[in-house]
Amino acid sequence: MLQIDNLHAEVDGKAILKGLSLSLNAGEIHAIMGPNGAGKSTLGYVLSGRPGYEVTEGSVTFEGADLLALAPYERAAAGLFLGFQYPVEIPGVSNLQFLREALNAQRRARGEEPLSGGDFIKRARAQADALGLDPEMLKRPVNVGFSGGEKKRAEMVQMGIIDPKLAILDETDSGLDIDALRSVGAGINTIMRKPDRAVLLITHYQRLLDYVKPDFVHVLAGGRIVRSGGPELAHQLEAEGYADIAA
Amino acid sequence: MTSLPTKRDEAWRYSDLAALGRVWPVPVPDKIIVAAGDSRRLSLVQDAAADQVVVRDYTVEIGVGASFAMQLVNTGGQLGRVAMDVTLYEGASFDLDAALIAGEGQTVELITTVRHFEANATSRQTVRGIAGGKGTISYLGKVAVSRDAQKTDSVQSVKGMLLDRTATVNAKPELEIFADDVKCAHGATVGELDAQALFYLASRGLPPAEAKALLLRAFVSGLFDGSADEAQFTAAIDAALERLL
């Protein structure tokens with residue numbers, strides 16, 4: 001589904017990713033772990049096309065297409081979803097209005113019919129219920145006044161409504177208490193644990209991986225994948241820290 | 001005034017005088033008198049074609065204890081100018097909500113003079129301006145408080161949004177106060193769309209023009225919430241944004 005080959009990227013002229021290669025197949029969940037400043041968030045932003053993150057070398061192919069040639073909104077329509085570490089607040093725009101416009105823009109780009117208001121509301125309510133988010137919150141402006149945990153739940157509700165092929169989740173576990181972690185983890189499994197879906201989980205800690213079991217774990221350090229393995233690698237990292245493994 | 005104004009006239013400093021010359025002399029102001037204790041409102045959508053020149057002047061007198069509310073969407077014409085000279089008597093109130101939108105080659109202006117002539121009157125002006133291309137938005141808002149107009153309560157809030165580096169927003173609140181027990185607040189900001197918010201919207205599938213339109217509608221939202229003419233205002237704003245983006 002996703003092939004990253006020798007990816008180099010820089011921000012403000014500073015090289016962050018230095019030859020990162022990674023391959024994800026449909027049906028797989030990959031976790032990327034690594035110390036602060038390793039380039040984890042940069043990877044998520046580069047894949048989703050954030051302005052200011054410049055690819056200087058390498059290639060990324062998503063379902064056979066050159067991902068880097070697409071604008072951010074085209075990447076979304078192609079089936080890529082970025083769960084933000086710090087979801088952005090947008091005063092004056094309600095979640096429902098925003099998500100309906102976004103979803104229908106994606107459907108239009110794919111040549112599908114737009115979803116009617118009624119069908120959309122049903123879908124949004126079902127996702128909010130599944131994630132334990134009060135559906136009333138969907139009427140409020142995007143992320144404004146939401147607690148850290150509510151923002152992350154809302155990100156997962158967005159993911160459920162959009163139903164992407166590939167989700168890149170950037171520290172979706174940060175700022176969550178135990179209950180929220182459990183329901184967000186269950187949400188990721190329900191929405192994305194399917195034969196035709198894939199997930200790239202970016203995280204510092206093992207704890208989310210107790211709920212969302214990865215098939216592969218990679219260690220990102222110094223802008224490259226320095227180690228890959230199965231779920232046991234996450235436990236080893238948790239026990240021993242990054243210092244030895246990333247060295 | 002019979003001769004064409006020049007840039008030396010403060011009220012015309014940022015205007016398009018060449019365009020003005022095509023319609024000069026402009027008609028005498030519309031006169032609106034709100035009798036003591038009465039309440040009136042006026043809605044205006046100025047969305048003339050891009051080659052037109054529109055200058056609308058109003059003189060408003062708001063009597064003792066009376067109130068007047070003006071709601072304005074000003075988006076049309078090469079020059080689209082609305083000017084209001086408002087006088088408030090004892091305990092009167094004046095509310096103005098205005099959205100100004102200017103695209104390529106347009107000069108869109110709102111010029112207000114609010115005269116607190118007697119005590120205990122309130123005035124509130126909320127103005128949102130959006131300028132793109134080489135468009136120019138100007139709000140010149142003068143509040144003049146007479147010596148006897150104690151307990152005046154006056155607020156001006158102006159926010160401008162620049163869509164391109166070539167666009168201009170002029171925001172000039174001006175206070176002239178001769179009473180000593182008054183509240184006159186004014187705030188003016190000019191900025192551009194939040195890049196983070198635009199990327200967030202794009203990452204969910206919204207193309208740039210739709211993402212900008214969503215943020216800009218939010219920027220002017222609230223001005224006309226619950227207004228009897230809300231649908232008309234919304235349609236005019238959407239049409240103007242579509243031209244702009």
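Ala197(B), Leu198(B), Leu201(B) and Ala202(B) in helix α2(B) meet Pro208(B), Ala211(B), Leu214(B) and Leu215(B) in helix α3(B), where contact means C-beta atoms, placed from the backbone, within 7 Å. The residues of this contact divide into eight nonpolar, no polar and no charged; Ala, Val, Leu, Ile, Met, Phe, Trp, Tyr, Cys and Pro count as nonpolar, Asp, Glu, Lys and Arg as charged, and the others, Gly among them, as polar. Please keep in mind that this is a predicted model, in which local features need pLDDT of at least 70, side-chain atom pairs count only at pLDDT 80 or more, and totals for chains, interfaces and linings use all residues. Residues are numbered from 1 along each chain as its sequence is written, while chains are lettered from A and ligands numbered from 1 in the order in which they are written.

**The helix pair in chain B**
- α2 (residues 195–203) and α3 (residues 208–220) of chain B pack at about 125 degrees with axes 9 Å apart; axes are lines fitted to C-alpha atoms, for helices over the stretch in contact, and angles run from 0 to 180 degrees between N-to-C directions.
- α2(B) and α3(B) are therefore oblique to each other, since angles under 35 degrees count as roughly parallel, over 145 as roughly antiparallel, 65 to 115 as roughly perpendicular and the rest as oblique.

**Chain B overall**
- Four helices and twelve strands make up the secondary structure of chain B; helices (H or I, at least four residues) and strands (E, at least two) are DSSP runs, numbered from the N terminus.
- The C-alpha trace of chain B spans about 55 × 40 × 30 Å along its principal axes.
- Of the contacts in chain B between residues at least 6 apart in sequence, 81% join residues at least 24 apart.

**A look at Val108(B)**
- Val108(B) sits in strand β7 (residues 107–116) of chain B and counts as buried because it has 30 C-beta neighbours inside 10 Å.
- Neighbours within four places in sequence aside, Val108(B) has contacts that include Asn74(B), Leu100(B) and Ile137(B).

**Where chains A and B touch**
- On this interface, 21 residues of chain A are in contact with 17 residues of chain B.
- α3(A) gives the largest share of the side of chain A that touches chain B, five residues.
- That side of chain A divides into 15 nonpolar, four polar and two charged residues.

Terms used:
Two residues are in contact if their C-beta atoms, placed from the backbone, lie within 7 Å. A residue is buried if 20 or more other C-beta atoms lie within 10 Å of its own, exposed if 12 or fewer, and partly exposed in between; C-beta atoms are placed from the backbone.
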